[in-house]
Protein chains: 2
Amino acid sequence: MGKNLLVGQSGGPTTAINASLAGVICGGIQSDKIDKIYGARYGVEGILKESFVDLKDFNDEFNIMVLKQTPSAYLGSCRKKLPSYEEDKEIYEHIKRVFEKYDIGYFFYIGGNDSMDTVNKLSKYFKKVNSDVRVIGIPKTIDNDLCLTDHTPGYGSAAKFVANTVKQVAHDNRVYDMPSITIVEIMGRHAGWLTAAAALANNDEEKYADIICLPEIPFDIDKITDKINELLKTKKQLVIALSEGVKTKDGVLLCEDTSLKEAAKDGFNHAQLGGAGKTLEMLLKERINVKMRAIELSTLQRCAATSASRTDIDESFAIGNAGVEYALSGETGVMIGYVRKDSDSYEIEYKPFDTDKVANLEKQVPCDMISDDGMDVTEKFYDYAKPLITGIQNVYAENGIIKTVTVK
Amino acid sequence: MGKNLLVGQSGGPTTAINASLAGVICGGIQSDKIDKIYGARYGVEGILKESFVDLKDFNDEFNIMVLKQTPSAYLGSCRKKLPSYEEDKEIYEHIKRVFEKYDIGYFFYIGGNDSMDTVNKLSKYFKKVNSDVRVIGIPKTIDNDLCLTDHTPGYGSAAKFVANTVKQVAHDNRVYDMPSITIVEIMGRHAGWLTAAAALANNDEEKYADIICLPEIPFDIDKITDKINELLKTKKQLVIALSEGVKTKDGVLLCEDTSLKEAAKDGFNHAQLGGAGKTLEMLLKERINVKMRAIELSTLQRCAATSASRTDIDESFAIGNAGVEYALSGETGVMIGYVRKDSDSYEIEYKPFDTDKVANLEKQVPCDMISDDGMDVTEKFYDYAKPLITGIQNVYAENGIIKTVTVK
């Protein structure tokens with residue numbers, strides 16, 4: 001008789017986080033060392049409340065396929081960060097009691113930075129109390145900002161949505177015979193990976209993302225205005241891909257610049273400046289007299305399962321699956337990461353990394369992937385990102401609508 | 001030796017307007033009565049400037065397939081409305097001279113209301129001067145607000161994007177264990193067809209679009225607040241599908257309500273209230289204390305070729321093709337429309353309608369498709385709209401990015 005498996009999801013939702021969940025479930029079902037498979041509702045919160053669901057229902061190819069293509073977190077998520085053992089011993093002992101009650105031998109936590117911090121702390125606690133519970137982190141984030149792993153599950157699908165959307169919006173932006181600028185605001189507070197993905201819309205014949213503004217480069221309205229004016233000499237309609245996280249030289253978020261914010265209280269006395277896109281639109285309208293529109297991709301970019309990257313979904317499943325294998329082989333306190341094989345063709349291996357080296361760190365877009373003028377990406381970025389968005393994910397639909405699954 | 005064919009596109013872009021263009025081109029290529037096939041850049045403006053492109057390059061299956069899946073108007077579009085003959089004789093004579101110079105025998109105009117007005121006026125003019133030039137209108141609009149036709153080319157794809165997006169955003173909205181409302185603002189200034197399509201996200205097991213606000217029903221914040229509070233008793237997270245065109249009882253657009261607008265000048269002295277969604281969000285925040293987010297689908301909903309409706313793309317092609325047949329059989333001054341056969345299964349015929357009965361009229365969502373409380377749709381709407389979004393459009397992509405074509 002084996003031990004039981006518990007899996008939880010944490011942090012912001014993505015299109016691929018349920019594919020990783022499916023990978024963990026399938027790994028659990030396949031192993032005779034694992035008995036029951038529980039899912040914790042809303043991450044760590046569900047553990048503390050013993051709010052568990054039985055996941056053995058997914059022992060069926062069709063159900064797993066539907067789970068894989070369901071966006072957002074099937075089990076629900078939380079933003080709870082575990083305090084340190086010194087700060088709050090009781091919460092660790094509480095979790096231990098719950099794990100003992102449900103005979104949990106393996107715990108998988110699918111999430112971003114904060115979740116890897118939880119994996120780190122929990123695994124150290126279980127070692128400290130001589131428990132053999134194994135704690136494994138499965139990464140996910142559309143931001144692609146986790147260290148050590150080549151990229152993150154969820155990034156490829158979000159990047160693919162961004163690139164295709166930028167291309168399609170560029171076509172829309174060109175429909176009339178007049179100069180026109182569309183600003184597309186893309187998620188990523190600290191790292192510009194997802195905004196950089198707008199460049200993947202470009203091909204050898206044509207550019208669709210004309211200017212790319214990343215949080216890695218201080219925002220400079222004069223430089224942007226100059227580049228726009230230069231480009232408008234030969235091209236009538238432009239698209240600007242703008243990260244929500246762009247900051248001024250003083251490190252103030254464009255969307256939170258107090259000098260603008262103070263002046264923009266609305267009738268309800270709310271600050272109501274809108275996002276970075278609307279702010280850039282206002283700044284540009286003062287400087288350039290062409291038609292302008294700012295579009296915020298908002299949560300669409302992290303839940304667009306209908307146009308996901310098959311590579312991303314397949315890898316996200318495989319990394320969950322690999323996590324179970326590593327747990328069974330004795331690993332704990334690790335995050336499974338993608339390692340790109342050093343070969344001509346794109347190929348990925350799944351390896352464990354010490355969460356000490358991952359938790360609470362962020363990986364930004366490196367200098368050599370950003371063009372000299374700071375408003376475009378280099379070939380190195382294309383080489384890096386292109387393989388991540390390939391493959392058509394054939395979505396199963398009923399009456400034209402994607403089939404999804406929710407907890408009963 | 002046959003006459004030449006000219007085709008133009010007009011009005012707002014859609015995902016399907018190039019499929020209709022492809023249908024006209026293929027119809028022209030197939031007929032031995034038609035010699036050259038010209039496209040006018042930017043609609044009527046291109047005729048006046050003799051800005052034409054040769055479309056015979058599309059005599060190749062692959063090129064036609066790529067054209068069909070390219071969003072927005074390949075030839076470019078315009079918003080020019082033709083003045084009446086009495087107002088401006090010269091413009092009609094100008095067009096006649098151009099048609100004679102290029103030996104145009106057949107003119108196809110793919111567009112919305114205003115474009116059908118152009119078809120109406122031009123065809124009457126050609127009859128008046130005893131010319132046998134045939135002028136045919138091919139409808140298109142994501143708004144689905146043209147009369148006589150069962151629905152419009154472009155509506156199905158936009159509706160499918162809206163419905164799938166609402167479903168996916170609803171999943172995203174449910175990720176945390178807390179009450180949350182997402183408002184999705186959808187296009188349609190005067191008719192609520194596209195907003196109503198949010199309901200297609202729902203199925204027998206679950207509702208994803210909880211409240212639907214159409215421009216056909218006067219906006220009433222108290223009623224909406226009451227319905228939200230009622231729903232929140234049994235469901236933690238809600239999605240509201242809101243038309244950009246909702247109006248107050250006094251007929252003022254929600255996004256242009258002057259009492260709000262006056263109070264909301266920003267630091268640049270621009271009115272900066274945002275759209276209907278942001279306005280509803282502000283109004284609700286004063287009344288209901290839950291997490292809220294407003295999303296504007298913006299131009300994405302009219303150019304999302306990566307998740308188009310195959311039914312829509314196929315029909316849009318076929319209606320262009322049918323237009324050529326009707327022109328060759330002697331019709332002029334007509335708009336080709338969809339007629340739903342009175343049968344159990346969904347089947348469409350393509351028939352000509354007098355543009356006198358189409359031009360400048362708008363079709364709103366009828367009362368019997370709107371629920372009694374004015375905040376939902378009825379079974380009749382589902383029966384009407386469901387067939388329009390079916391079929392997976394298998395998009396041809398290169399490196400994960402949709403392949404498109406632009407005028408060289």
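**View 1. How chain A and chain B meet.** Start with the contact itself (heavy atoms within 4.5 Å): chain A brings 72 residues and chain B brings 71 residues. About 5,800 Å² is buried between chain A and chain B, with 57% of that coming from carbon and sulfur atoms. Buried area here is the accessible area (1.4 Å probe) that two parts lose on being put together, summed over both.

**View 2. A salt bridge between B:R302 and A:D172.** The closest N and O atoms of this pair sit 2.6 Å apart. The interface has 4 salt bridges (a side-chain nitrogen of Lys or Arg within 4 Å of a carboxyl oxygen of Asp or Glu).

**View 3. What chain A puts into the contact.** Which element of chain A gives the largest share of the side that touches chain B? That's α6(A), with 10 residues. Helices are DSSP runs (H or I, at least four residues), numbered from the N terminus. On this side of chain A you'll find 33 nonpolar, 22 polar and 17 charged residues. Asp, Glu, Lys and Arg count as charged; Ala, Val, Leu, Ile, Met, Phe, Trp, Tyr, Cys and Pro as nonpolar; the others, Gly among them, as polar.

**View 4. Turning chain A onto chain B.** Rotate chain A by 180 degrees, with 0.0 Å of shift along the axis, and it superposes on chain B (RMSD 0.0 Å). The same surface serves both copies, as 99% of the contact residues of chain A recur in chain B.

**Notes.** Residues are numbered from 1 along each chain as its sequence is written, chains are lettered from A and ligands numbered from 1 in the order in which they are written, and side-chain values use heavy atoms, leaving out hydrogens and water. In this predicted model, local features need pLDDT of at least 70 and side-chain atom pairs count only at pLDDT 80 or more, while totals for chains, interfaces and linings use all residues.

Terms used: Helix = DSSP H or I, 4+ residues; strand = E, 2+ residues; numbered from the N terminus. Least-squares fit on C-alpha atoms with pLDDT ≥ 70 in both.
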